[in-house]
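Q: Hi! Could you walk me through a structure I have just opened?

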Amino acid sequence: MPALEMFPLMSRRRFPRFFTALGAFALACTSLTGAVVTSAVSPQVAGATVTTHTPVMGPNLLNAAQLARWFNAMHGAPPNVPSVHNNVTLLAQIFIDQGHVEGVRGDLAFVQSILETGWFSYQGSQVPPDSNNFAGMNAYDGRKGLPNCAHGDAAPSRCFPSPKIGALTQMQLLRSYADATSSHLPHRLTSAPSDRVGAAPIWEYFGGHNCPCGKLIWASAVDYGIRIIKLYSQALVYNGVNAACVPYAPGNNAKNSGNGYWVATDKSHIYSFGTAHYYGDPASIHLNQPLINGESLSTGKGYWLLALDGGVFSFGAARFHGSTGAMHLNQPINGMERTPHDGGYWLVAFDGGIFTFGTARFYGSTGAMRLNQPVLGMERTASGKGYWLFARDGGIFSFGDAQFYGSLGAKHLATPIVAMQRTPTGRGYWMLSQGGHVFAFGDAKRFGDIGGCSNYGGANRLLVSPTGKGYWIATADGSVISFGDAKRLGFPVSIDGHPVALMRAG
């Protein structure tokens, strides 16, 4: 197992919660919802949606024994919870059981408590180990620390009479934030403030200003819920869940190829990661047709964005060399490729028609051919003296010095091909299907894919790492999953639209 990040106790300010007494979304392992990264994105988009949806309500993916094994492997020391005799398995089972009572995912609530209590050490916490308070309930900034619960606590109390009541109170509070119907249930131990009931059905909304409702949910710390999901992802992978299906799975330190990339969406937004600099986007412009593709400069100092009508938009050091935006086309434009030294670019239409600009040369097209399926894009050779066109059914058409290394045109594919990338040598290429499967030809090697994951909504784009020993897959929900030596650089916390381009900055 790679070294895993240990999270300190959260610093937070909460609204006091008022206790009246103390006394559905099903998620299967084959459709995991995962986490999103905390990297800053440029720009923040009003009305954007979160890239993943990790529900508060629903069944568990991990049982008590699995949670305990992960806890013991990652932390080493037993929990400081005297009421369960410091037994982590027993404590985890209480979370599972009380979560089941409320329909809340107890395994995720257990991980939340690990973050809140510092792996149940309570070090530096205003809540004492004998409180049976596992989520800092009523422990908001400015309250004086409580040494123990032997003599009680001032209202609102941070002390609970048993671990069962403490866990149940936490589950009811989680449900209150997630489920609007809970406000009508009788005999509740606790409830969220009335203006927040049902406002946060997913964990991604639980931190700072992450909730689109504009309200603080659980903690003032930005991306608080995302940190919980990240920690939970580690537990999933430790217990054997396919890491490719967990967007925030623990990274491998050996994956170090690539310094940055951009994600462009059909809503005209650009998101920057790693060393990729944000040079602008056409979000403020009314486009005649939506963005469909894009290409970055070889220097990483700019990019072109392509619209469905062939309109080209240049940013940073990218120079405008022309477009088909004002032309009458037989078929819409859907792909572009730059020349090796950035002096021009090719545009390709659905019928395989090729349009050249700047120093790009024409080597042939399928414009006059009868195709079984439309052409969805192109890839140039290493020399720039040729190119491949790929069709929706995986058919490959080679022109110039592009060599044919195989295709999928004769195979029956469950989902269409959506992207193609060549190897650094140009003696092979990969194709990506909408279902997330990667197909390798020539000297291209497979490094894995998301073909067995149903939680991403499918795959959109493929980008090869600088060494050619790995690649990134951009998914329909905006996640970017790395394989081989492709460095984990992140993906948008929220995204407006669907990815249409994944462009490397270095």
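Q: Which residue has its backbone oxygen 3.0 Å from a polar atom of the side chain of R143?
A: That is N138. A polar contact here is a pair of N or O atoms within 3.5 Å; within protein, one must be able to donate a hydrogen and the other to accept it, and residues adjacent in sequence count only if both atoms are side-chain atoms. Before we go on: this is a predicted model, where local features need pLDDT of at least 70, side-chain atom pairs count only at pLDDT 80 or more, and totals for chains, interfaces and linings use all residues. Residues are numbered from 1 along each chain as its sequence is written, and side-chain values use heavy atoms, with hydrogens and water left out.

Q: Thanks! Where does R143 lie?
A: R143 is in the loop between α3 and α4 (163-178). Helices (H or I, at least four residues) and strands (E, at least two) are DSSP runs, numbered from the N terminus.

Q: Is R143 buried or exposed?
A: R143 is buried, with a relative accessible area of 15%. The cut-offs are under 20% relative accessible area for buried, over 50% for exposed and partly exposed in between, using a 1.4 Å probe and protein chains only.

Q: And what does R143 touch?
A: Leaving out residues up to four places away in sequence, R143 touches Q126, N138, D153, A154, A155, P156 and R158. Contact means heavy atoms within 4.5 Å.

Q: Let's go to the helices. At what angle do α3 and α4 pack?
A: Their angle is about 105°, and the axes are 11 Å apart. That makes α3 roughly perpendicular to α4. Axes are lines fitted to C-alpha atoms, for helices over the stretch in contact, and angles run from 0 to 180 degrees between N-to-C directions. Under 35 degrees counts as roughly parallel, over 145 as roughly antiparallel, 65 to 115 as roughly perpendicular and the rest as oblique.

Q: Which residues make the contact of α3 with α4?
A: From α3 there are G106, A109, Q112 and S113, and from α4 there are Q170, M171 and L174. By class, this contact has 3 nonpolar, 4 polar and no charged residues. Ala, Val, Leu, Ile, Met, Phe, Trp, Tyr, Cys and Pro count as nonpolar, Asp, Glu, Lys and Arg as charged, and the others, Gly among them, as polar.

Q: How do α1 and α3 cross?
A: The axes of α1 (residues 64-75) and α3 (residues 106-117) come within 11 Å and cross at roughly 25°, so these helices are roughly parallel to each other. L67, W70 and F71 of α1 meet D107, F110, V111 and I114 of α3. The residues of that contact divide into 6 nonpolar, no polar and 1 charged.

Q: Back to α4: is T169 buried or exposed?
A: T169, found in helix α4, is buried, with a relative accessible area of 0%.

Q: What about V197, where is that?
A: V197 is in the loop between α4 and α5 (224-238). V197 is buried too, at 19% relative accessible area. Its C-alpha atom is separated by 4.8 Å from that of Y177, 20 residues apart along the chain.

Q: Last one: where does S365 lie?
A: S365 lies in the loop between β9 (354-358) and β10 (375-380). At 23% relative accessibility, S365 counts as partly exposed. A polar atom of the S365 side chain lies 3.2 Å from the backbone nitrogen of G367.
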